[in-house]
Amino acid sequence: MSRLVYVLNGPNLNLLGKRQPHIYGHETLADVEAECRKVAEELRLDIRFHQSNREYEIIDWVHEAREVAGGIAINPAAFTHTSVAILDALNTFEGPVIEIHISNVHKREAFRHHSFVSTRADGVIAGFGTQGYTLALRRLARLIDEKAS
Ligand SMILES: O=C(O)[C@]1(O)C=C(c2cccc(Sc3ccccc3)c2)[C@@H](O)[C@H](O)C1
């Protein structure tokens, strides 16, 4: 069972930490990646960390993950609420998928309350700030270890 995990980030997350800190905090996506790499080392995971504003690139990374990864952690951002295409791609991935949202989407606008991705995700983390990323890694490590035992 591969200990490689893909961490995928959707549109506008490249601007994280620069606006709306009251919703998304002050950490930049580079800060989040660094924290993920630190925790991944503790968990004996390798990670590939990506962000794109282009739906097709996220789909292509999911297809890549099918061949090499043991799990996917994904913050689809706005694609959460719109993308059947990303859901369809995730449905071709056989390993565990954890959906991450920095904010508690259920306390926000009604259009953020529905997620296409949640119909595939094995778990959803929302409202834990950027700590959700490392919590997702810990869950994926547990699931990968359980499958290997
Ligand atoms: O809470 C999240 O992580 C979420 O996935 C992230 C989103 C999001 C939306 C716009 C921008 C950003 S990142 C950002 C934040 C502040 C300033 C600039 C960019 C994330 C939303 O589209 C989702 O509904 C919720």
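How many nonpolar, polar and charged residues are in the shell around the ligand? The shell has seven nonpolar, six polar and two charged residues; Ala, Val, Leu, Ile, Met, Phe, Trp, Tyr, Cys and Pro count as nonpolar, Asp, Glu, Lys and Arg as charged, and the others, Gly among them, as polar.

The views show a predicted model, in which local features need pLDDT of at least 70 and side-chain atom pairs count only at pLDDT 80 or more, while totals for chains, interfaces and linings use all residues. Residues are numbered from 1 along each chain as its sequence is written, and side-chain values use heavy atoms, with hydrogens and water left out.

**View A. Residues around the ligand.** Among the 15 residues around the ligand, Asn75, His81, His101, Ile102 and Ser103 come nearest.

View B. Oxygen atoms of the ligand lie 2.6 Å from a side-chain N or O atom of Ser103, 2.8 Å from a polar side-chain atom of Asn75 and 3.2 Å from a polar backbone atom of Ala78. Of the 540 Å² of accessible area that the ligand has on its own, the protein covers 94% (Shrake-Rupley method, 1.4 Å probe).

**View C. Residues nearest the centre of the largest pocket.** Pro11, Asn12, Leu13, Gln20 and Tyr24 lie nearest the centre of the largest pocket, which is lined by 20 residues. By class, this lining has nine nonpolar, seven polar and four charged residues. A pocket is an open set of points on a 1 Å grid over the protein atoms alone, where a 1.4 Å probe fits, with protein on both sides within 12 Å along at least five of seven lines; lining residues have an atom within 4 Å of a point.

How values were computed: A residue is near a molecule or strand if one of its heavy atoms lies within 4 Å of it. A polar contact is a pair of N or O atoms within 3.5 Å; within protein, one must be able to donate a hydrogen and the other to accept it, and residues adjacent in sequence count only if both atoms are side-chain atoms.
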